Amino acid sequence: MADLMAATGAQTAALISSGEASADEVLDFWLERASGDGLNGYLWTADRESARAGVDGSGPLAGVPVAIKDIFCTEGVPTTAASRILEGYLPPYTATAVARLNAGGMPMLGKTNMDEFAMGSSNENSAYGASLNPWDRGRVPGGSSGGSAAVVAGGLAPWALGTDTGGSIRQPAGFCGIVGLKPTYGAISRFGMIAFASSLDQCGPLTRDVTDAALLLATLQGRDQMDSTSVGIEGGISAPGAERLDGLTFGVPRGLIGQGIEAGVLARFEETLIKIAELGGTIVDIELPHAGHAISAYYVLAPAEASTNLSRYDGVRYGVRASDEDLLSMYEVTREEGFGPEVKRRIMLGTYALSSGYYDAYYGRAQRVRTRIVEDFRNAFGQVDFVVTPTSPTVAFELGEKTADPWTMYQSDLFTVPMSLAGVPAISIPAGLAQPDGGGPDLPVGFQIAAPAFAEQKLLEASFALESAIGFDGSAGLEGGLR
Amino acid sequence: MAGELSSILDHVDKLAEVDIEGVEPTSHVVPLENVLRPDEPRPSLDREVALSQAPDPHDGAFRVPSPQAES
């Protein structure tokens with residue numbers, strides 16, 4: 001039998017269509033791997049029947065199973081968003097993104113662990129215990145799509161679906177040594193994706209390489225009648241094949257990158273810039289004058305939207321009800337017991353920022369700073385084709401290392417939040433390994449590339465050329481997934 | 001929790017350094033207006049399905065406890 005472990009998603013699809021492996025063999029192989037999850041990466045795993053329950057079509061990727069972040073509603077399959085308040089919830093419908101994969105003949109391998117309601121940067125906010133990094137199980141896989149990143153990097157799934165609000169695909173992909181793509185806001189339908197911050201949430205792929213990210217995006221993208229903010233990508237997406245970067249300009253926002261970055265991360269970043277130049281690309285310094293304020297603006301806007309979105313969890317229509325005493329205590333006890341500390345923190349922060357008397361000072365001001373950041377990117381893309389940064393200031397940190405102070409944790413998304421506020425697409429590709437400051441094991445470093453809105457094809461072409469030049473070897477991670 | 005929230009708000013207060021004079025707020029980054037679909041009836045969730053996940057469905061409705069505790 002073909003070596004399925006060594007194959008990417010695209011290569012597995014080719015093995016199936018050439019007859020070298022059957023769809024049954026492929027599914028059984030990955031179900032077996034997923035059932036040996038040693039990373040707490042899955043909150044639910046499928047069997048042969050449930051994996052194919054929604055599959056009702058065929059396409060070029062037919063037969064290659066996908067791991068799905070537990071934030072996507074899946075009909076009749078437990079969906080919790082890693083929250084106690086949705087324990088036992090069986091959605092009556094399936095998210096459009098998952099339905100599109102199913103319509104392409106792709107089964108669902110399982111539902112992956114995450115930070116509760118996608119609020120977190122380490123997976124430690126899951127109500128079901130943190131997922132672990134396959135490169136070092138004493139460290140976090142990143143978040144919030146930490147389970148999706150861990151199962152792909154740890155060889156427990158060929159590829160996975162995640163969501164990104166302020167970095168939740170890119171940061172865990174960087175921490176786990178895989179590729180993570182946050183498409184342009186509006187590229188993929190959000191229907192059936194449990195809402196956190198609706199003006200920022202976007203679905204995207206976590207994969208072993210850039211080609212896989214492109215192929216999943218090709219299947220996922222498109223306008224959807226059920227999400228009026230979805231517009232799709234004009235012209236669609238095809239597999240990238242660029243080898244050179246001639247004529248392309250990459251802007252480096254030096255003013256942003258100076259802050260709190262580890263020496264090893266900076267070294268891999270600078271080496272990658274040299275590789276870009278070797279491939280014919282031009283590196284220039286640029287300014288994103290307001291990007292340093294992105295985290296502050298984000299932690300007003302995202303909690304404000306979250307406080308509104310999460311008001312639906314009240315113990316009435318679905319999910320857990322914690323008390324039957326009287327109506328008010330039912331609401332209060334249900335939300336008190338159902339939500340974890342970070343979710344409560346953000347609901348309170350958001351409610352405060354939207355409250356009468358503080359609305360202009362917080363929410364209104366943050367919305368205007370967001371405009372400034374949107375303008376920063378518009379100006380930058382007038383000069384350059386891409387903006388590049390390290391994906392995160394650090395490599396994967398230790399479990400518990402940043403839980404004491406929320407603001408320290410929030411800094412993990414320093415380089416990813418600006419792109420989210422601007423709504424532009426951004427990808428993280430592995431740029432090599434580095435030790436954390438102060439010593440420790442060699443861990444993956446992510447390199448982030450951002451492009452103008454809906455320029456995903458161009459972004460994927462450049463990423464593909466750079467990925468080939470870097471030649472990252474993720475095999476040490478693949479060894480670390482099984483119990 | 002109160003201390004954490006104060007500390008977060010202290011950081012957020014740095015937004016005051018940004019000049020926002022005359023700047024319009026951004027609530028959404030994709031310029032879309034009046035996205036419409038044909039106004040035609042289409043199937044929706046059956047009542048039974050919609051009620052199937054409720055903690056206390058009763059008689060075709062979502063039942064909740066009384067607004068006042070029984071004395």
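**Salt bridges.** I began with Arg48(A), which forms a salt bridge with Asp24(A), the closest N and O atoms being 3.1 Å apart. My rule for a salt bridge was a side-chain nitrogen of Lys or Arg within 4 Å of a carboxyl oxygen of Asp or Glu. Arg48(A) sits in helix H3 (residues 48–51) and Asp24(A) in helix H2 (residues 23–35) of chain A, so the pair ties together parts that are 24 residues apart in sequence. Helices here are DSSP runs of H or I with at least four residues, strands are runs of E with at least two, and both are numbered from the N terminus. Over all chains, the rule gives 22 salt bridges.

**Ground rules.** I jotted down that this is a predicted model, where local features need pLDDT of at least 70 and side-chain atom pairs count only at pLDDT 80 or more, while totals for chains, interfaces and linings use all residues. Residues are numbered from 1 along each chain as its sequence is written, chains are lettered from A and ligands numbered from 1 in the order in which they are written, and side-chain values use heavy atoms, with hydrogens and water left out.

**Where the chains meet.** Next I checked the interface: 44 residues of chain B are in contact with 51 residues of chain A. Contact means heavy atoms within 4.5 Å. The two chains bury about 4,200 Å² between them, 68% of it on carbon and sulfur atoms. Buried area is the accessible area (1.4 Å probe) that two parts lose on being put together, summed over both. I found two salt bridges across this interface. Asp56(B) and Arg321(A) meet in a salt bridge through their side chains (3.8 Å, N to O).

I then looked at H12 (residues 341–354) of chain A against H1 (residues 2–12) of chain B, which pack at about 50° with axes 11 Å apart. Axes are lines fitted to C-alpha atoms, for helices over the stretch in contact, and angles run from 0 to 180 degrees between N-to-C directions. H12(A) and H1(B) are therefore oblique to each other; under 35 degrees counts as roughly parallel, over 145 as roughly antiparallel, 65 to 115 as roughly perpendicular and the rest as oblique. From H12(A), Arg345(A), Met348(A), Leu349(A) and Tyr352(A) meet Glu4(B), Leu5(B), Ile8(B) and Leu9(B) of H1(B).

**H12(A) again, inside chain A.** How do H10(A) and H12(A) cross, at what angle roughly? The axes of H10 (residues 294–309) and H12(A) come within 7 Å and cross at roughly 100°. H10(A) and H12(A) are therefore roughly perpendicular to each other. I noted Tyr299(A), Val300(A) and Pro303(A) among the H10(A) residues in this contact, and Leu349(A) and Gly350(A) among those of H12(A).

**One more pair.** H7 (residues 210–220) and H16 (residues 456–470) of chain A pack at about 160°, their axes 9 Å apart. H7(A) and H16(A) are therefore roughly antiparallel to each other.

Most residues other than glycine have a negative phi, and most peptide bonds are trans. I still came across a cis peptide bond from Gly143(A) to Ser144(A), with omega near 10°. Ser144(A) is in the loop between strand E3 (108–112) and helix H5 (146–153) of chain A. Ala81(A), a residue other than glycine, has a positive phi, near 50°. I placed Ala81(A) in the loop between strand E2 (66–69) and helix H4 (96–103) of chain A.
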